[in-house]
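I opened the notebook to work through one chain. I wanted the overall layout, then a handful of residues.

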Amino acid sequence: MTHHTIFFTKTHEWILPSEGKVGISNYAQGRLGDIVYIELTAQGKEVKKGDVIAVIESVKTTSDIYAPCDGKVLELNQEVTSNPGLINQDPEGAGWIIKIEVKEPFSSEGLMSKEEYETYIKTLSE
């Protein structure tokens with residue numbers, strides 16, 4: 001089942017469809033540097049794939065975070081609001097950003113597996 005699989009986007013978000021968790025990849029947090037602030041979208045908001053769900057400010061830059069799929073924002077990770085550095089420490093775990101109600105059936109179209117993503121980011125740093 002693809003449900004417990006983590007998927008990645010070309011814009012460096014990840015989604016775990018089984019839990020609806022969305023965050024940014026380890027690669028992305030590394031590129032951003034120390035994250036100092038995060039602004040999250042509203043809970044309960046219906047989002048479309050590609051909508052901005054968060055804005056992350058780091059010491060280097062400000063970056064928009066996009067929804068990897070359509071759905072409703074169920075929960076915001078309050079931990080990262082009060083401690084944005086958590087995204088640097090554990091971007092693909094405790095540093096998740098929002099939980100989204102994933103519409104069934106989940107479509108991984110346009111998303112990459114972890115392996116595909118690893119290959120993709122190698123092409124970026126060359």
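**Entry 1: glycine 93**

In which loop is the place of glycine 93? I found glycine 93 in the loop between helix H3 (85-89) and strand S9 (98-102). I note here that the model is predicted. I then looked up the accessibility of glycine 93. The value is 22% relative accessibility, so glycine 93 counts as partly exposed. The cut-off for buried is under 20%. I also checked a distance to isoleucine 24. Glycine 93 and isoleucine 24 are 69 residues apart in sequence, yet their C-alpha atoms are 9.8 Å apart in space.

**Entry 2: the whole chain**

I stepped back to the layout. The chain has four helices and nine strands. Starting at the N terminus, I read the order as β-β-β-α-β-β-β-β-β-α-α-β-α.

I looked up the dimensions next. The C-alpha trace spans about 40 × 35 × 20 Å along its principal axes. Why does the radius of gyration agree with a compact globule? A compact globule of 126 residues would have a radius near 14 Å, and the chain has 13 Å, so the two agree.

Burial came next. I read that 47% of the 126 residues count as buried. For contacts between residues at least 6 apart in sequence, 59% join residues at least 24 apart.

**Entry 3: the cores**

Which residues have the most contacts inside the largest nonpolar core? I listed Ile15, Ile24, Ile56, Ile97 and Ile98, in a core of 27 residues. Elements giving two or more residues to this core include strand S3 (21-24), strand S4 (35-40), strand S6 (52-58) and strand S8 (71-76). H1, H3 and S9 are also on that list. I found a second, separate core of ten residues, with Phe8, Tyr27, Trp96 and Ile121 among them.

Leaving out residues up to four places away in sequence, isoleucine 97 touches Val22, Gly23, Ile24, Ile38, Leu40, Ala54, Ile56, Ile65, Leu76, Asn77 and Ile87.

Glutamine 29 is in helix H1 (residues 26-32). Is glutamine 29 buried or exposed? At 12% relative accessibility, glutamine 29 counts as buried. Not counting residues up to four places away, I listed its contacts as Ile24, Ile35, Ile87, Asn88 and Pro91.

Glutamine 89 is in helix H3. At 59% relative accessibility, glutamine 89 counts as exposed. The cut-off for exposed is over 50%. I checked glutamine 89 against glutamate 116. They are 27 residues apart in sequence, and their C-alpha atoms are 23 Å apart.

**Entry 4: backbone details**

I looked at the backbone in two places. Which residues does a cis peptide bond join? It joins glutamate 104 and proline 105, with omega about -10°. Proline 105 is in the loop between S9 and helix H4 (114-124).

Histidine 12 has a positive phi of about 75°, although histidine 12 is not a glycine. I located histidine 12 in the loop between strand S1 (7-8) and strand S2 (13-16). Histidine 12 is buried, with a relative accessible area of 16%.

Aspartate 70 is in the loop between strand S7 (62-66) and S8. I read 32% relative accessibility, so aspartate 70 counts as partly exposed. Which residues is aspartate 70 in contact with, leaving aside its neighbours within four places in sequence? I listed Val47, Lys48, Lys49, Glu101 and Lys103. Aspartate 70 and leucine 16 are 54 residues apart in sequence and 14 Å apart in space, C-alpha to C-alpha.

Threonine 61 is in the loop between S6 and S7. Threonine 61 is partly exposed, with a relative accessible area of 34%. Leaving aside neighbours within four places in sequence, threonine 61 is in contact with Leu32 and Ile56. I also checked isoleucine 35. It lies 26 residues from threonine 61 along the chain, and 9.1 Å separates their C-alpha atoms.

Terms used. Residues numbered from 1 in each chain as written. Predicted model: local features only at pLDDT ≥ 70, side-chain atom pairs only at ≥ 80, totals over all residues. Heavy atoms only, no water. Rg over C-alpha atoms; globule rule 2.2 N^0.38 Å. Buried < 20%, exposed > 50% of the residue type's maximum accessible area, 1.4 Å probe, protein only. Contact = heavy atoms within 4.5 Å. Core = buried A, V, L, I, M, F, W, Y, C linked by side-chain atoms within 4.5 Å.
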